[in-house]
Amino acid sequence: MKKEEKVMARSNHWSSGEFVVLKVCDSSGPMVGSSADVANYFQDDARAIREWFRVLYLNSKNKVILNKLEFLGTVDSSPVYPREVIVTALQVGASSIVLAHNHPSGDPEPSYCDKEITKAIIFAAATLGIKVLDHVIVGASKAGDKAPYYAMSEHGEIEGYSIAAASYINVK
């Protein structure tokens with residue numbers, strides 16, 4: 001297998017209970033250019049029967065440094081701790097991050113909790129100069145079908161939360 005294939009290869013062992021916790025990429029890692037790129041990147045994992053929460057840690061050129069499964073939950077929830085996301089971002093020297101998780105129900109519409117955890121991570125990251133570019137929720141799809149997704153950046157939520165975080169930080 002070529003070096004590029006190793007970097008781009010992703011494991012899909014959800015049915016057997018196995019999963020890749022993290023995938024370290026070198027400087028030629030995949031580039032994240034849009035919400036659709038993120039949704040496509042995680043399309044194979046969208047059919048998981050348990051909710052997962054992954055973070056793409058990016059360098060200053062939006063290339064993936066690390067793709068990490070931060071949390072694995074139940075059929076309808078996944079515990080997420082902003083502290084853990086930020087610690088990893090600092091450890092790998094990420095300039096920005098992209099949050100992603102699945103909804104095994106198939107409906108990618110964000111819940112109240114999805115929005116609140118996104119806001120909490122944006123506030124925590126902003127204090128350390130790390131930008132949250134997006135939170136993409138992928139819905140379950142049938143084999144071969146493209147997974148539906150909801151990108152918070154496409155609905156103005158990331159920008160709104162980021163402005164609120166910047167205002168809060170500048171007031172203190």
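**Pocket, rings and cores in a predicted model**

Me: How much space lies in the largest pocket?

Reply: About 240 Å³ of space lies in the largest pocket. A pocket here is, on a 1 Å grid over the protein atoms alone, an open set of points where a 1.4 Å probe fits, with protein on both sides within 12 Å along at least five of seven lines. Grid points are joined across faces, edges and corners, and the volume is the space filled by probe spheres set on those points.

Me: And which residues are closest to its centre?

Reply: Of the 15 lining residues, E51, D76, S77, S111 and D114 are the closest to the centre of the largest pocket; a lining residue has an atom within 4 Å of a point.

Me: Before I go on, what sort of model is this?

Reply: This is a predicted model, in which local features need pLDDT of at least 70 and side-chain atom pairs count only at pLDDT 80 or more, while totals for chains, interfaces and linings use all residues. Residues are numbered from 1 along each chain as its sequence is written, and side-chain values use heavy atoms, with hydrogens and water left out.

Me: Okay, back to the lining: which elements give two or more residues to it?

Reply: Those elements are β4 (96–103) and α4 (112–126), and α4 contributes the largest share, 3 residues. Helices (H or I, at least four residues) and strands (E, at least two) are DSSP runs, numbered from the N terminus.

Me: What's the lining made of by class?

Reply: The lining has 6 nonpolar, 6 polar and 3 charged residues, where Ala, Val, Leu, Ile, Met, Phe, Trp, Tyr, Cys and Pro count as nonpolar, Asp, Glu, Lys and Arg as charged, and the others, Gly among them, as polar.

Me: Zooming out, how many helices and strands does the chain have?

Reply: The chain has 5 helices and 6 strands, and from the N terminus on its elements run α-β-α-β-β-α-β-α-β-β-α. Of its 172 residues, 43% count as buried, meaning under 20% relative accessible area, with exposed over 50% and partly exposed in between (1.4 Å probe, protein chains only).

Me: Which residues have the most contacts inside the largest nonpolar core?

Reply: They are Y57, I97, I121 and V132, in a core of 25 residues. Such a core is a set of buried Ala, Val, Leu, Ile, Met, Phe, Trp, Tyr and Cys residues joined through side-chain atoms within 4.5 Å. The elements giving two or more residues to this core are β2, β3, α3, β4, α4, β5 (131–139) and α5, and α4 gives the largest share, 4 residues.

Me: What does V132 touch?

Reply: Not counting residues up to four places away in sequence, V132 touches I97, L99, I121, I122, A125 and I158, contact meaning heavy atoms within 4.5 Å. There is also a second, separate core of 18 residues, which includes V38, Y41, V136 and A147.

Me: A147, hmm. Where is A46, which has A147 among its contacts?

Reply: A46 sits in the loop between α2 (35–41) and β2, and it is buried, with a relative accessible area of 0%. Leaving aside neighbours within four places in sequence, A46 is in contact with W52, N102, V138, G139, A140 and A147. A46 and H101 are 55 residues apart in sequence, yet 8.3 Å apart in space, C-alpha to C-alpha.

Me: New topic: how many aromatic pairs are there?

Reply: The count comes to 5, with rings of Phe, Tyr and Trp (its six-membered ring) pairing if their centres lie within 6.5 Å, and planes under 30 degrees apart counting as stacked, over 60 as edge-to-face and the rest as tilted. The ring centres of F53 and F71 are 6.3 Å apart with planes at 55 degrees, so that pair is tilted. F53 in strand β2 (residues 52–58) and F71 in strand β3 (residues 64–72) are 18 residues apart, and both are buried.

Me: Why is the pair of F123 and Y168 tilted?

Reply: Their ring centres are 5.9 Å apart and their planes stand at 50 degrees, so the pair counts as tilted. F123 lies in helix α4 and Y168 in helix α5 (residues 157–171), so the pair ties together parts that are 45 residues apart in sequence. F123 is partly exposed at 25% relative accessibility, and Y168 is partly exposed at 43%.

Me: Which residues do ring pairs link into a cluster?

Reply: Y41, F42 and W52 are linked that way.

Me: Last one: what is phi of N62 near?

Reply: Phi of N62 is near 60 degrees, a positive value in a residue other than glycine. Most residues other than glycine have a negative phi. N62 is found in the loop between β2 and β3 and is partly exposed at 25% relative accessibility.
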